[in-house]
Amino acid sequence: MTAHGLPFNPDYAAFYHTKGLSMGGKWRPGSGGEFDVFNPATGKVWAQAPDGTRADATAAIEAASEAQKSWAALPFHVRADHLLKVADVLEKRRPDFVAAL
């Protein structure tokens, strides 16, 4: 639990509301506007999230395909270092994930 007594950090809601969708290393709003995200424990609106469309999904797939080329060009040990850093962050946040489940 967080200091707010919730299994998630409410600040994440503000983060996604102000950032939108991440594609190609840039943040952009969803083409479909926004939608309400409800806290299932309370039934109250927790945040507004970007509403991605089919065009947004296509753009994200194209950006990911392009990014994969530079990722594949990195030496194995560099990719492994990056993934180990991600694993470290996930491990540190384990209590948050467990609480959310």
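Which residue in E4 stands opposite Val37? Ala47 does. The points below set that pair in its context.

1. Basis. This is a predicted model, where local features need pLDDT of at least 70, side-chain atom pairs count only at pLDDT 80 or more, and totals for chains, interfaces and linings use all residues. Residues are numbered from 1 along each chain as its sequence is written, and side-chain values use heavy atoms, with hydrogens and water left out.

2. Confidence. The average pLDDT (the predictor's confidence in each residue, from 0 to 100) is 84 for the chain. A score of at least 70 is reached by 80% of the residues. Over residues 1-6 the pLDDT is below 50. That stretch still has 7 contacts in the model beyond near neighbours in sequence; contact means heavy atoms within 4.5 Å. Where pLDDT is low, predicted coordinates should not be read in detail.

3. Layout. The chain has 4 helices and 4 strands. These are DSSP runs, numbered from the N terminus: helices are H or I with at least four residues, strands are E with at least two. From the N terminus the order is α-β-β-β-β-α-α-α. Of the contacts with a separation of 6 or more, 36% link residues 24 or more positions apart.

4. Surface. The chain exposes about 7600 Å², computed by the Shrake-Rupley method with a 1.4 Å probe; for residues, only the protein chains shown count as cover. Carbon and sulfur atoms supply 62% of that area. Buried residues make up 11% of the 101 residues. Buried means under 20% relative accessible area, exposed over 50%, and partly exposed in between (1.4 Å probe, protein chains only).

5. The E3-E4 hairpin. E3 and E4 run antiparallel and are joined by 5 bridges; strands pair if DSSP finds at least two bridges between them. The hairpin has 6 residues between its strands. In the turn, Gly43 has a positive phi of about 80°. Asn39 lies in the loop between E3 (34-38) and E4 (45-50). Asn39 counts as buried because its relative accessible area is 9%. The Asn39 side chain reaches the backbone nitrogen of Ala41 at 2.7 Å.

6. From E4 into H2. Gly52 is found in the loop between E4 and H2. Gly52 has a relative accessible area of 40%, so Gly52 is partly exposed. Its C-alpha atom is separated by 8.2 Å from that of Pro29, 23 residues apart along the chain. Asp56 sits in helix H2 (residues 54-73). Why is Asp56 classed as buried? Because its relative accessible area is 2%. Not counting residues up to four places away in sequence, Asp56 touches Leu21, Met23, Arg28, Gly30, Ser31, Gly32 and Asp51.

7. Salt bridges. The count is 4, taking a side-chain nitrogen of Lys or Arg within 4 Å of a carboxyl oxygen of Asp or Glu. One of them joins Glu66 and Lys69 (3.2 Å, N to O). These two are 3 residues apart in H2, so about one helical turn separates them. Glu66 and Lys69 are exposed.

8. Two further salt bridges. Arg94 meets Glu91 at 2.8 Å, N to O. Arg94 is partly exposed at 47% relative accessible area, and Glu91 is partly exposed at 44%. Asp96 meets Arg93 at 3.0 Å, N to O. Asp96 is partly exposed at 24% relative accessible area, and Arg93 is partly exposed at 26%.

How values were computed: Polar contact = N/O pair within 3.5 Å; in protein donor to acceptor, adjacent residues only side chain to side chain.
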